[in-house]
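Here is a short tour of two parts of a protein model. Please have the sequence and the 3D view open side by side as you read.

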Amino acid sequence: MASLNKIENWPVENAAAVVVRADGTRAGAYGPTDRRFPLASVTKLIAAYAALLAVEEGAIELDEPAGPPGSTVRHLLAHTSGLAFDEHRTMAEPGARRLYSNAGFEVLGDHIAKVTDIDFPEYLRQAVLEPLGMAATGLAGAGSPAKDGVSTVDDMARFAAELQAPRLLSRQTLTEATSVVFPGVSGVLPGYGHQRPNDWGLGYEIRDHKSPHWTGSASSPRTFGHFGQSGTFLWVDPEAEAACVALTDRAFGPWAIEAWPPLTDAVLSELSRGH
């Protein structure tokens, strides 16, 4: 795809990207797709998928208690548990505000590990990574399900295909996960300020009509995904019947705010011309 060549102008040393159609085929790729990059918060997408599989397997339930008093698995996935960003400290009543929380995902990982008697990094490997053939992906270091993922574009392309045509998860569960949970709740989208509402699904950020946003002006409101502070993103646009993954080795900052939306718009434009 010619649109991916825009990445050549990004102020990064290394970058790789791929566009995956809804049928799992690649519309185009850029850079070293087998290079491993830190995912940062894009990790939450695969961690949430593992949690949803745990729900379908009956290991946990979305509405069972987890986290602060009154909080459930659903609250933790939707960033409405009331937990602070990076501290195990309660800042709001469950369901009251969209407080984006790494701590919430870590509590969720611990909850799944306790219930299944399997450490979360191993549960993730068995439930998601191994079945999808994501051999280069895993949780590094302390293994936080919020931010310690490492992967390649090749592996994340497999995951992007799964998010469009699920084989491991039921379509009904994925639809619920990528629809707004606790509608109308406001909160801060890291890097982009306060959003009213700050729509989120079960681990998946939903574009809706947020502005500013890291996706493009042409992205449909149904677009879902996540970006990471390591300069990474994955979005799925159901209207375009495609997904895009970009991984870099430069931390998120003003460069990404400027560079990402034009790339997304160029990709969507090229896809629409190809239909």
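Two strands pair if DSSP finds at least two bridges between them. Helices (H or I, at least four residues) and strands (E, at least two) are DSSP runs, numbered from the N terminus. This is a predicted model, in which local features need pLDDT of at least 70, side-chain atom pairs count only at pLDDT 80 or more, and totals for chains, interfaces and linings use all residues. Residues are numbered from 1 along each chain as its sequence is written, and side-chain values use heavy atoms, with hydrogens and water left out.

**Strand 10 and its partners**
- The hairpin of strand 9 and strand 10 has 3 residues between them, and Gly231 in the turn has a positive phi of about 80°.
- On to strand 11 (residues 242-248): 5 bridges join this strand to strand 10, again antiparallel, with Phe233 opposite Ala246.
- That hairpin has 4 residues between the strands, and Glu241 has a positive phi near 55°.

**Burial of strand 10**
- Because 6 of the 6 residues of strand 10 (residues 232-237) are buried, the strand is largely enclosed by the rest of the structure; buried means under 20% relative accessible area (1.4 Å probe, protein chains only).
- Thr232, Leu234 and Val236 point one way, while Phe233, Trp235 and Asp237 point the other way.

**Helix 4**
- The buried residues in helix 4 (residues 120-129) include Phe120, Tyr123, Leu124, Ala127, Val128 and Leu129.
- They cover an arc of only 160° around the axis, which puts them on the same side of helix 4; the arc is that of the directions from the helix axis to the C-beta atoms.

Terms used: Buried < 20%, exposed > 50% of the residue type's maximum accessible area, 1.4 Å probe, protein only.
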